[in-house]
Amino acid sequence: MIAVTNASIPQAGVTAETGQPGNTTERWVRVGRSREPTAHTAGAAATRQALRGPDPKLLMVFASLGYDLTDLIESISETAGSVPIIGCSTFGEIGPSPVLGGSVVVVCLGGGFAVTTAHATGLDATPRLAGQAVASRLLPLPEAERRLVILLTDATTGDQQEMIRGAYGVLGAAVPILGGGTGNTGSITSCRQFYNRHILQDAVVAAAIGTAGAVGLSVSHGWRHDADAMLVTESAGREIFSLDDRPALDRYLERHQIQRGAGLKEGVAE
């Protein structure tokens, strides 16, 4: 078990800004990956691969919870030096080879990018305020022709839509927001977010990126169609009370032909 504390993290968020785009006009992205069994070795190896380019600006880390995350992030930070880091835990890592588990992937942006990073906690209790806080700590956004914001959020807690609304309320609709939710091994309480040398929970970490050239955005997911659609007819926040005007659990079990009590626990299906 990793003890997570915010005591050593400034309340305003540690923000790292690496200057305006143009230090190196050519932009580059490089991905490093390691499946070394020890966290320290894996973190250093993946980071060295990702840093093989001039003027690195941002590292994004995606790591299996099978590692000792304290050792892993310390190793990545030591190897990265002053390059800012954001990231999260994952359940299957996407890298240069097919999706694997038990690995660490480090993505580096370098060259003609300007980057500002920030984080905010309190996602569960006050999701909209967390979104407002992390967006405010990214200001002023890098001065560049194109700007976007990456958010990596604890997907197991808080109302994610409210968090996004809070962020857009500060940034405005003209700034694209992309990112994703933290992955885990199936436990609903084990997600982690990374911010430089810090390991967080109940948090959102972010990077504002400015660049002179166009940036391509895409949307994808790993879900597959398994049954006909159901209509949510009563909900509040993250809780669904009824589907197709029937109690939600009853309708869900019926649609998927699952017997009540078959591998079910309170709040989660095994």
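These are my notebook entries on what I looked up in this predicted model.

**Ground rules**

I number residues from 1 along each chain as its sequence is written, and side-chain values use heavy atoms, with hydrogens and water left out. Because the model is predicted, local features need pLDDT of at least 70 and side-chain atom pairs count only at pLDDT 80 or more, while totals for chains, interfaces and linings use all residues.

**Entry 1: the open sheet**

I started with the strand order. I found an open sheet of six strands, ordered β1-β4-β2-β3-β8-β9, with mixed pairing. The edge strands are β1 (27-34) and β9 (198-200), each pairing on one side only. On average, neighbouring strands here are turned by 20° against each other, direction ignored. My terms: strands (E, at least two residues) and helices (H or I, at least four) are DSSP runs, numbered from the N terminus, and two strands pair if DSSP finds at least two bridges between them.

Strand β2 (residues 56-64) runs parallel to strand β3 (residues 85-90), with six bridges. F62 has C88 in β3 as its bridge partner.

**Entry 2: helices on the sheet**

I looked next at what packs on the sheet. Helix α1 (residues 39-50) touches β1, β2 and β4 (104-111), and its direction makes about 155° with that of β1. Helix α2 (residues 69-80) lies across β2, β3, β4, β8 (193-195) and β9, at about 160° to β2. Contact here means heavy atoms within 4.5 Å. For the angles, axes are lines fitted to C-alpha atoms (for helices, over the stretch in contact), and values run from 0 to 180 degrees between N-to-C directions.

How far does α1 reach from its first C-alpha to its last? The twelve residues of α1 span 17 Å, close to the 16 Å expected at 1.5 Å a residue. The expected span is 1.5 Å times one less than the number of residues.

I also listed the buried residues of α1: A39, A42, G43, A44, A45, A46, T47 and A50. They pack against β1, β2, α2 and β4. Buried is under 20% relative accessible area, exposed is over 50%, and partly exposed is in between (1.4 Å probe, protein chains only).

**Entry 3: β5 and β10**

I moved on to strand β5 (residues 113-121), where eight of the nine residues are buried. β5 runs antiparallel to β10, and nine bridges join the two. T117 has A207 in β10 as its bridge partner.

I followed β10 (residues 203-211) to T211, which lies in that strand. T211 counts as buried because its relative accessibility is 2%. What does the side chain of T211 make a polar contact with? Its partner is the side chain of R27, at 3.2 Å. A polar contact is a pair of N or O atoms within 3.5 Å; within protein, one must be able to donate a hydrogen and the other to accept it, and residues adjacent in sequence count only if both atoms are side-chain atoms.

**Entry 4: cysteines**

How many disulfides does a search of the whole structure find? I got zero, using a cut-off of 2.5 Å between cysteine sulfur atoms. For C191, the closest cysteine sulfur is in C88, 8.3 Å away, so the pair is too far apart for a bond. C191 counts as buried at 1% relative accessibility, and C108 counts as buried at 0%.

Most residues other than glycine have a negative phi, and most peptide bonds are trans. I went looking for exceptions.

L139 and P140 are joined by a cis peptide bond, with omega about -5°. L139 sits in the loop between α3 (127-136) and β6 (146-153), and P140 lies in the loop between α3 and β6. L139 is partly exposed, at 41% relative accessible area. Not counting residues up to four places away in sequence, L139 touches V170 and L171. I also noted that L139 and A208, 69 residues apart in sequence, are 8.6 Å apart in space, C-alpha to C-alpha.

D244 is not a glycine, yet its phi is positive, about 55°. D245 is not a glycine either, and its phi is positive at about 65°. I placed D244 in the loop between β12 (239-243) and β13 (246-247), and D245 is in the loop between β12 and β13. Is D245 buried or exposed? D245 is exposed because its relative accessibility is 66%, whereas D244 is partly exposed at 25%.
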